[in-house]
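Subject: Structure handover and notes

Dear colleague,

I am passing on the structure below, together with what was found in it. Please read the notes with the sequence and the coordinates open beside them.

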Amino acid sequence: MILLSDIRKSFDAPSGGRLEVLSGVDLAVGPGTAVAIIGRSGCGKSTLLSILGMLESKDGGSYRLDDDEVSHLSDRDAARLRGEKLGFVFQRSFLLPHLSAAENVEVPLLHARNVPSRRLRARMVENAMDIVGISHRSKHRPAALSGGEQQLVAVARAIVRNPKNILADEPTGNLDPLTGERIVKALATLTNDGVTCVVMVTHDQELAGLLDRCYRLADGRLSQSA
């Protein structure tokens, strides 16, 4: 579960002073739920997602990830928690070009604290690729995959370690509408286990409507969108 309370964040403004982009954000995303955050460019959506991913610090407020208050974690503990509980999908897939799709999905397993056996890794990779419907392309390298297929591989890579929280930052930004819909539906299915939660940032309100709830970020605050 993700629980934010009164999250604040500001930056130095080019003209001097401070520019507050998050002015008291509250958000609760329970298990088995997928939510979208929409808003105009520059409103702070990616900043909010970076805070959720513990990639950027907040200025104030409380952030609980499952049972952990992350506000005062050391960098080392934050990195450990990030690896155990979060999966990331970005606008670009960032696949390694010299590896096959399956090998790209396997990469996070090779960097785990306790690396699974080769046989177990193979089962975990196959399961992740089956979930998002890309296992039939497992032996192909990124250059042989379409943009949508590459992004599906990226989603499989994000879930291969079975994190219970998935963060997606404009995952359809470089894709055509039909392929974008396929990606969002794949993300939505991840919550079918009743445990995983998904938070997706997007500029596309139509795609946002495919998820359970949609929030709009404006003037530094979140409000639920109809």
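The notes below begin with conventions and then go through the sheet, the helices and a hairpin.

This is a predicted model, in which local features need pLDDT of at least 70 and side-chain atom pairs count only at pLDDT 80 or more, while totals for chains, interfaces and linings use all residues. Residues are numbered from 1 along each chain as its sequence is written, and side-chain values use heavy atoms, with hydrogens and water left out.

Helices (H or I, at least four residues) and strands (E, at least two) are DSSP runs, numbered from the N terminus, and two strands pair if DSSP finds at least two bridges between them. On that basis, four strands make up an open antiparallel sheet in the order β2-β1-β4-β5, with β2 (18-29) and β5 (68-69) at the edges, each pairing on one side only. Nine bridges join β1 and β2 in the antiparallel sense, and Ser10 stands opposite Glu20 in β2. Helix α1 (residues 45-52) lies across β1, β2 and β4 (60-65), running at about 125 degrees to β1; here axes are lines fitted to C-alpha atoms, for helices over the stretch in contact, and angles run from 0 to 180 degrees between N-to-C directions.

Arg8 belongs to strand β1 (residues 2-12) and counts as partly exposed because its relative accessibility is 28% (buried means under 20% relative accessible area, exposed over 50%, partly exposed in between, with a 1.4 Å probe and protein chains only). Beyond its neighbours within four places in sequence, Arg8 is in contact (heavy atoms within 4.5 Å) with residues including Glu20, Lys58, Asp59 and Arg221. The side chain of Arg8 also makes a polar contact with the side chain of Asp6 at 3.2 Å, a polar contact being a pair of N or O atoms within 3.5 Å; within protein, one must be able to donate a hydrogen and the other to accept it, and residues adjacent in sequence count only if both atoms are side-chain atoms.

Helix α4 (residues 118-132) has buried residues Arg121, Met124, Val125, Ala128, Met129 and Val132. They cover an arc of only 125 degrees around the axis, which puts them on the same side of α4, the arc being that of the directions from the helix axis to the C-beta atoms. What covers them includes α3 (101-110), α5 (147-159) and α6 (177-189). Within α3, Glu106 is buried, with a relative accessible area of 18%, and its side chain makes a polar contact with that of Arg121 at 2.6 Å. After α4 comes Gly133, whose phi is positive, near 75 degrees.

In α6, the buried residues are Thr179, Gly180, Ile183, Val184, Ala186 and Leu187. Seen down the axis of α6, they fall within an arc of 155 degrees, so they line one face of the helix, whereas Pro177 and Leu178 on the other side are exposed. Asp176 caps the N-terminal end of α6, with a side-chain oxygen 3.2 Å from the backbone nitrogen of Leu178.

Hairpin

Strands β9 (residues 213-218) and β10 (residues 221-224) pair in the antiparallel sense over four bridges, and Arg216 stands opposite Ser223 in β10. Two residues lie between the strands of this hairpin, and Asp219 in the turn has a positive phi of about 55 degrees.
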